[in-house]
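User: I am new to this structure. Please walk me through its features one by one.

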Amino acid sequence: MKINSNLAIVLFAALGLLLVAVTDRVVPGSSEHQQQLQIWLAARATGVAGFVLLAGMVVLGILMSHPAQSRWKVAKRIYPWHETLWVFVLAFMVVHAASLAIDPYAKVGFVGAIVPGLSEYRPIPVAVGVIGLYAALITGLTARFTKLLPSGVWLKLHRFAIVVLALAWTHGILAGTDSAVLMPVYWGVALAVLAATVHRFWVLRPTPVRRGPPALVPATTEESHDRTDHSS
């Protein structure tokens, strides 16, 4: 499934509708406090959604990385999903960072959203998230423009996607004010990645081929006569 301009418009439109629903823009907030939290809710919702989708993309990538995946019939069906998820992840991450940048109550600011360590709110956890965003851009863009890079470079960079997920995981737990409520999500993602890794390196490991002693070829009729003549 290729991403063209029309599909990209649909994806961003769907994201916009999701933000409208989450931030309660159709019906005003029921209280002044709720109205103040609308942008923060958008940031938190897109952050969690992007994290879950990133985990799904990494899990699919781990499964497809098996050496025998070319003979795996499901691989051709999984790859389009793996490729398309990156667009969703990027969209949610960008909106997540932008929402925090414009939210005066988040105390992150534009500089803190793009420069690691300059956020007034929890500078180290936010810095981890900013670094994770840049790492996601590198792994995704290099995979899209492989022809511009030396052979094999994009694959080495792409394998750092697991590091991107680890950064997002750490950022979500340390920076989120509701991390305690979302701990089942975080640990569920960790278990899913672990299960995919075990399936990749253990369940799907190639079975060694045991080579026995060379088979004895029975002598032909002519060879038997020759041996009989020599013996006599």
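User: Which residues touch the most other members of the largest nonpolar core?

Analyst: Two notes come before the answer. This is a predicted model, where local features need pLDDT of at least 70, side-chain atom pairs count only at pLDDT 80 or more, and totals for chains, interfaces and linings use all residues. Residues are numbered from 1 along each chain as its sequence is written, and side-chain values use heavy atoms, with hydrogens and water left out.

Analyst: Now the general idea. In soluble globular proteins, nonpolar side chains tend to be buried together. A nonpolar core is a set of buried Ala, Val, Leu, Ile, Met, Phe, Trp, Tyr and Cys residues joined through side-chain atoms within 4.5 Å. Buried means under 20% relative accessible area, exposed over 50%, and partly exposed in between (1.4 Å probe, protein chains only). Here the largest core has 28 residues, and F51, L54, V58, M93, L165, V189 and V193 touch the most other members.

User: Which helices each supply at least two residues of this core?

Analyst: Helices (H or I, at least four residues) and strands (E, at least two) are DSSP runs, numbered from the N terminus. Helix 3 (38–64), helix 4 (75–102), helix 6 (123–144), helix 8 and helix 9 each supply at least two core residues. Helix 3 gives the largest share, 10 residues. There is also a second, separate core of 8 residues, with A106, V108, V126 and V130 among them.

User: What is V193 in contact with, leaving aside its neighbours within four places in sequence?

Analyst: Contact means heavy atoms within 4.5 Å. With those neighbours left aside, V193 is in contact with V59, I62, I162 and L165.

User: How many helices and strands does the chain have?

Analyst: There are 10 helices and 0 strands. Along the sequence the pattern reads α-α-α-α-α-α-α-α-α-α. Of the 232 residues in the chain, 33% are buried. Take the contacts with a separation of 6 or more: 61% of them join residues 24 or more positions apart.

User: How many aromatic pairs are there?

Analyst: A pair of aromatic rings is described by the distance of the centres and the angle of the planes. Rings of Phe, Tyr and Trp (its six-membered ring) pair if their centres lie within 6.5 Å; planes under 30 degrees apart count as stacked, over 60 as edge-to-face and the rest as tilted. By this rule there are 2 aromatic pairs. One of them is W169 with W187, an edge-to-face pair at 5.4 Å centre to centre, with 75 degrees between the planes. W169 lies in helix 8 (residues 161–175) and W187 in helix 9 (residues 179–203), so this pair ties together parts 18 residues apart in sequence.

User: How accessible is W169, and how accessible is W187?

Analyst: W169 is partly exposed, at 23% relative accessibility. W187 is also partly exposed, with a relative accessible area of 48%.

User: How many cavities of 30 Å³ or more does a search of the whole structure find?

Analyst: Start with the terms. On a 1 Å grid over the protein atoms alone, a cavity is a set of points where a 1.4 Å probe fits but cannot get out; a pocket is an open set with protein on both sides within 12 Å along at least five of seven lines; lining residues have an atom within 4 Å of a point. Grid points are joined across faces, edges and corners, and a volume is the space filled by probe spheres set on the points. The search finds 1 cavity of 30 Å³ or more.

User: Which residues lie nearest the centre of the largest cavity?

Analyst: Its lining has 23 residues, and G47, M93, H96, G129 and H171 lie nearest the centre. Helix 3, helix 4, helix 6 and helix 8 each give two or more lining residues.

User: Is H171 buried or exposed?

Analyst: H171 is buried, with a relative accessible area of 16%. Its place is in helix 8. Leaving aside neighbours within four places in sequence, H171 is in contact with H96, P125, V126, V128, G129 and G176.

User: What volume does the largest pocket have?

Analyst: Its volume is about 860 Å³. The largest pocket is lined by 29 residues, and G61, H82, W154, L155 and H158 lie nearest its centre. Helix 3 gives the most to this lining, with 6 residues.
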